[in-house]
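This report describes strand pairing and nonpolar cores. The structure is shown first.

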Amino acid sequence: MGSPPLAVAYLLELLVASCLSWSNMEDAGFKVKLKDSSLPCQGQLLVYTQNSWNTVCAQSWGLEDGSPPDFSPAAYLCRQLRCGDICRLSALSIPLPQFHQLTCHGTPGSFSNCSSSSIPSWCQPLGLVCLEPPRTLPPPTKPPPPTTPAPTAPPRLWLTPVSQSLQCAGTVEFYSGHLGGAISYQAPSDNEDEGDALRGLGTLVCRSLGCGSFLRGLPGPGAPVRVQWTVRNASCLALPQCFQRAPRGATSQALALLCSGFQPKVQSRLVGGGSACQGTAEVRQGGPGTRWAALCHGPGGAARWEELCREQQCGSAVAFRVLDAGAGPRGLLCPEKLLSQCHELEERTPCRRVHVTCQDPHPPGLAAGTVASVVLALVLLAVLLVVCGPLAYRKLMKRVRQKKQRQWIGPTGMSQSMSFHRSHTATVRSQAENRPASHVDNEYSQPPRNSRLSAYPALEGALRLSAAQLDNSSDSDYDLHTAQRL
């Protein structure tokens, strides 16, 4: 009779024990680890629950509310990793699809109220930064010499992004040995350029982080934060020479930088102009899923449009004109001179759009119909030459031969020169005046009409004197060009 109540009590005890074990995972001996980092005490936080490693999302414990959280309750996470004290819990740069994710609520570092999901979705990974553990040495047999430095971890930098989706832009944190945190920075006076004052230090920081070159300083967090370092030498060549320890508990504005390797970059295009090298400028920032919007007219002048034309793989900028704002949709304004230096775009209403014309490196050539017409014309010309060419050549040669036949050269076989002009004293010869025209070789073969003179007195004289002594005179008074018919 008493066994059923005992069984029920045993089941209730198991149920309560399982609930308590889930509500206080710290006592259950769960495992944590860090990944995506070459250093053992900083990286993406993973927790082993339900037979799998789960990614802790940055939305956990209200870290994105804006108020500065207290990280001390999560210090045991660093101790479990055999590291020093906790420095911070912050979101990593770009959200990625995670297969196993965990979102927790309550005190930072507590897993008593968590929700897990095995469906892949977008999750902002949470990063954990701990100090390096103190190195312990075996007790020396004799005191070390005074010149022996205390062993420390190599100095390193950490960049806390100002925006969740922005890389290589944010607040700079410096870690050296057992100390790490933000760096105090005071903006220069009005007569000193902030970019020039930070150029040397900013270039060293950006190169150390693998983010390219230094662009400019950024405004830090709105309220002063607790800092661990101050700038000792802004023109330093190595990180240990740049910073010195700040007074304990000091608060100040933190150093924030923008490097040239920031991502995502502003993308641009030209639309409505008939080609990729002319049209109204549009921009977007954030990847393929982001909408395009009109680029509003702002600072930069011709240098901005030269850069935009190069991005479109066109030539230099030929012209640009600012259009009326009108009542169109809102646009985006880049407050910097160049789009490549603009890490965030500002919405503007109304927006004065800009129409840009670039040199087209590949101008349009002949159309397909024009090329076909030229080829057809060449084919027809070739056929015409083949068909009509021989006939035209024969007619031309016949005319040349006839012209040569009409040219009278005169008698040959004589060495003397003779005169071919008409003489008024020549004897009269009777000629038939009604001779058919077909027997007329040239205009000098017949005597002039109404004339009783011989047409060729010199030729007849030569025939009569053929048996007489030859005249070896080389002179002749016959001029073919100036001869006139008598």
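In β15, Phe-243 is the bridge partner of Val-231. The model is predicted: local features need pLDDT of at least 70, side-chain atom pairs count only at pLDDT 80 or more, and totals for chains, interfaces and linings use all residues. Residues are numbered from 1 along each chain as its sequence is written, and side-chain values use heavy atoms, with hydrogens and water left out.

Strands (E, at least two residues) and helices (H or I, at least four) are DSSP runs numbered from the N terminus; two strands pair if DSSP finds at least two bridges between them. Three bridges join β14 to β15 (residues 243–245) in the antiparallel sense. Strand β16 (residues 251–252) also runs antiparallel to β14, with two bridges, and there Thr-251 is the bridge partner of Arg-226. With β12 (residues 179–184), β14 (residues 225–231) pairs in the parallel sense over three bridges. Trp-229 in β14 stands opposite Ile-183.

## Nonpolar cores

A nonpolar core is a set of buried Ala, Val, Leu, Ile, Met, Phe, Trp, Tyr and Cys residues joined through side-chain atoms within 4.5 Å, where buried means under 20% relative accessible area (1.4 Å probe, protein chains only). The largest has 29 residues, and Val-172, Leu-201, Phe-243 and Leu-255 have the most contacts inside it. Two or more residues come from each of β10 (156–161), β11 (167–176), β12, α3 (194–208) and β17 (256–263). A second, separate core has 26 residues, including Val-32 and Tyr-76.

Leaving out residues up to four places away in sequence, Phe-243 touches Ile-183, Leu-201 and Trp-229, among others; contact means heavy atoms within 4.5 Å.

Note on methods:
Buried means under 20% relative accessible area, exposed over 50%, partly exposed in between (1.4 Å probe, protein chains only).
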